Amino acid sequence: VQLRASGGGLVQTGDSLTLSCAPSDCTFRRYAAGWFRQGSGNRREFVAAISVGGARTYYAPSEKVRFIISRDNEKNMVYLRMNNLKPGDTADYFCAAAPYRSDWNGYYYETTAYDYWGQGTQVTVSS
């Protein structure tokens with residue numbers, strides 16, 4: 001599965017953005033999905049994840065209020081809505097996919113939980 005993330009850009013503090021993740025494979029609906037980000041000089045960190053059917057969502061504690069992950073399995077897309085953006089949100093954002101595993105919800109926040117990664121989409125938040 002190849003993934004393509006899009007929707008990044010340069011915004012101001014307080015603005016909102018919606019990132020999209022589009023797969024090359026129509027079976028994407030069978031995969032759990034996650035968003036991670038990596039700022040300059042930092043390691044890749046977990047942002048949000050969503051289960052195969054979309055019934056369960058998970059967030060990094062600091063993003064739980066401002067970010068919303070969703071998926072549209074009819075359109076084969078996963079989204080990350082980011083509200084009230086802050087300069088600290090500046091990073092490259094990556095979407096990732098994990099084939100179904102019964103224990104995925106035990107380590108969805110780890111990069112090792114995902115088999116497929118897209119290229120990053122850059123988000124820059126100015127103060």
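Me: Which residue in β8 is the bridge partner of Asp72?
Reply: This is a predicted model, in which local features need pLDDT of at least 70 and side-chain atom pairs count only at pLDDT 80 or more, while totals for chains, interfaces and linings use all residues. Residues are numbered from 1 along each chain as its sequence is written, and side-chain values use heavy atoms, with hydrogens and water left out. Strands are DSSP runs of E with at least two residues, and helices are runs of H or I with at least four, numbered from the N terminus. The bridge partner of Asp72 in β8 is Met77.

Me: How many bridges join β7 to β8?
Reply: Two strands pair if DSSP finds at least two bridges between them. β7 and β8 run antiparallel and form a hairpin with 4 residues between them. The number of bridges joining these strands is 6.

Me: Is Asn76 buried or exposed?
Reply: Buried means under 20% relative accessible area, exposed means over 50%, and partly exposed lies in between (1.4 Å probe, protein chains only). Asn76 has a relative accessible area of 11%, so this residue is buried.

Me: What is the relative accessibility of Asn84?
Reply: Asn84 is found in the loop between β8 and β9 (91-99), and its phi is near 50°, again a positive value in a residue other than glycine. Asn84 counts as partly exposed because its relative accessibility is 41%.

Me: How many aromatic pairs does the structure hold?
Reply: Rings of Phe, Tyr and Trp (its six-membered ring) pair if their centres lie within 6.5 Å; planes under 30 degrees apart count as stacked, over 60 as edge-to-face and the rest as tilted. The number of aromatic pairs in the structure is 11.

Me: What kind of pair do Phe36 and Phe46 form?
Reply: Phe36 lies in strand β4 (residues 31-38) and Phe46 in strand β5 (residues 45-50), so the pair ties together parts that are 10 residues apart in sequence. Both Phe36 and Phe46 are buried. Their ring centres are 5.6 Å apart and their planes stand at 70°, so the pair is edge-to-face.
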